[in-house]
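Here are some quick notes from going through this one, point by point. Have the viewer open while you read.

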Amino acid sequence: MKIIKGILKKHYPFLVLFVMSIVYLLPFLISRGATDYEMGDFGFHFSRIIGLSNAWQSPVNFISFKNHGLMMNGFYPWLTLYPAFLFYKLTGSLVIGYKLFIWLYGFLTLLIAYLSFYSIKKSKNVSLIVAILYCFSAIHLATALGAQVGQSLAFTFIPLVFLGIYEIFFNNERKWQLLTIGMSLVIYSHITTTFITAIYIAIIIILLIVTKKLTVSRIISFFKAVILTAIVSASLFLPMLEQIRAQKLFLPGRTWLVLSSPTEVIKGMLNNDLTLRTVGLAVLLATVVTIFYFKHLNKIELGALLLGLSAVFLTTDLFPWHVLESSIFVQIQFAWRINSISVCLLIYDFCSLMTKVVFIKWGGVRVVVLIIIGVVMLTASSAINLQVTKNHQLKIYTDQTLFKYAQQMNYMDYGNLYSGNFKDNKVSQDNLYLLDGKKIKLKVKSTASLVKLTVDNPKDEGNLITPLARYKGQSVVINGKQVKSSLSKFATTQIKVPRGRSQIVISYRFTTLAIISRWISAIGVFILAYLPFSFFKIKKQA
């Protein structure tokens, strides 16, 4: 009994985190199926999950995205999404697999936030509270419930990036590999969040340069982290750049930023309205307490507070974003995405304050219990309000209907660039096959890695237009003979077919650069895995 009590006393935070990860899952268990709240790309990401069945064998999947052979796995990071596919295959259920995936990343978010803040503040109770506030913040719940999967996944790893920055610039710069691990995981989750995170890292560096707080050793450590991050992420970026250079593609993010008014932001925080994707009520209250006791913060903590508040300000239309209308910043698309950074910074300040003021005044255990109860009640209330608000829009899918819905998602993102309106592209919209400009019926058999077409052509040579996308690395075989395809006026694959019956097989292979980039990333991961051992060896010798 004493052994059990000893274990619980020493490791109770992990038990609490596990229980809270189940609480985090509860809003997803309201229905037996998968609920689409019409808040994001619900069908898009489920189609991505389906399309991971051959991610290791081919850059293109012909089952997902209306069988069009879009190279989504080559342009959208999928490594951290892959567990969703594994759960789907293990359970045989897309719905159950996705819910297990949500639980896993809820637990990882709690765990990584706890370990990251504990590494800085060395307080179990404080780190426990901060992890819970971070994971259950409105922006995180909203992106998860709204099926904005990439954003939600990146949110999990931002505290690790924060810890890496803290170690390099304010503590032990020899732990720079933490930044590489954090940034690499963010990169393999969501590119836009990577961009936003990189901007804030650049701002921190500029501020340190201005205040003359940087040393040569810290600068060197930072560049080590940057270089190794580039190596580890090579398998994502190099093939992507190769494809972008090889043909004209429709690249998302060219529209202007979606902003909120200050009134909407304040209302969203006070009501913890998940549809507005603010930092939420819990983080707002934590920030108010922090501001009230700001005199207890040191210079680093005050800097983090100002950066966090500025991040919230940037999500509103008060900031003159129109000045940057022609800049790269439009790639952010939705200003509320910046809240993933603001939550981390504001929570860090509250974490610092708790160790200095809150726990001393009110007691540690009491505060932990009260905050857990408050967060659970707030989460339940927000989930119920979301159900009521979106009631007329709610769509609940079973395994059968979800798979069919996801499979038929028709997207133009990263497809071949069409000169007209995508909705008017009948070949793509209606899955048409045209032979010399005329609609034909033919036998089509699609597997994950290839498409087989059986075409009857009564003429000497016919021009077959398909609804399939065309990328570098495409292989077209007609009756056992390799041929070249071209791009049709509908921005799809076009093939010259001979007279008579033809058996056409369309597939893809990884390009030479894509294969090399995977080896580069593998070497980077090996180096990253070796570094901690070398660090402890040097430390021991010293």
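1. Let's start with Asp-456, which counts as partly exposed at 46% relative accessibility. Bear in mind throughout that this is a predicted model. The partner of Asp-456 is Arg-501, and the two make a salt bridge with the closest N and O atoms 2.9 Å apart. Arg-501 sits in strand β10 and Asp-456 in strand β6, so the link joins distant parts of the chain, 45 residues apart. Arg-501 itself is exposed, with a relative accessible area of 56%.

2. Strand β10 (residues 493-508) also holds Val-497. Buried or exposed, this Val-497? Buried: its relative accessibility is 1%, and the cut-off for that label is under 20%.

3. Lys-459 forms a salt bridge with Asp-436, and here the closest N and O atoms are 3.9 Å apart. Since Lys-459 lies in β6 and Asp-436 in the loop between β3 (434-435) and β4 (438-439), the pair ties together parts 23 residues apart in sequence. Do note that 3.9 Å goes with a cut-off of within 4 Å. Both partners are partly exposed: Lys-459 at 47% relative accessibility and Asp-436 at 33%.

4. How many salt bridges does the count come to? Six. One of them is Lys-472 with Glu-242, whose closest N and O atoms are 3.1 Å apart. Lys-472 is in the loop between β6 (450-465) and β7 (474-478), while Glu-242 belongs to helix α12 (residues 234-246), so this pair ties together parts 230 residues apart in sequence.

5. On to helix packing. Helix α8 (residues 149-170) packs with helix α10 (residues 191-210) at an angle of about 20°, and their axes are 11 Å apart. That makes α8 and α10 roughly parallel to each other, because angles under 35 degrees count as such. Their crossing is right-handed.

6. Leu-15, Phe-18, Val-19, Ile-22, Leu-26 and Leu-29 make a nonpolar patch of about 510 Å². Among them, Leu-26 is found in the loop between α1 (2-25) and β1 (34-36), and it is partly exposed, with a relative accessible area of 45%.

Definitions and conventions:
Residues numbered from 1 in each chain as written. Predicted model: local features only at pLDDT ≥ 70, side-chain atom pairs only at ≥ 80, totals over all residues. Heavy atoms only, no water. Patch = residues over 30% accessible without salt bridge, like charges linked within 9 Å, V, L, I, M, F, W, Y side chains within 5 Å. Areas by Shrake-Rupley, 256 points an atom, 1.4 Å probe, with all protein chains shown as cover. Salt bridge = Lys/Arg side-chain N within 4 Å of Asp/Glu carboxyl O. Helix = DSSP H or I, 4+ residues; strand = E, 2+ residues; numbered from the N terminus. Buried < 20%, exposed > 50% of the residue type's maximum accessible area, 1.4 Å probe, protein only. Axes fitted to C-alpha atoms, helices over the stretch in contact; angles between N-to-C directions. Parallel < 35°, antiparallel > 145°, perpendicular 65-115°, else oblique. Left-handed = near helix turned anticlockwise from the far one by under 90°.
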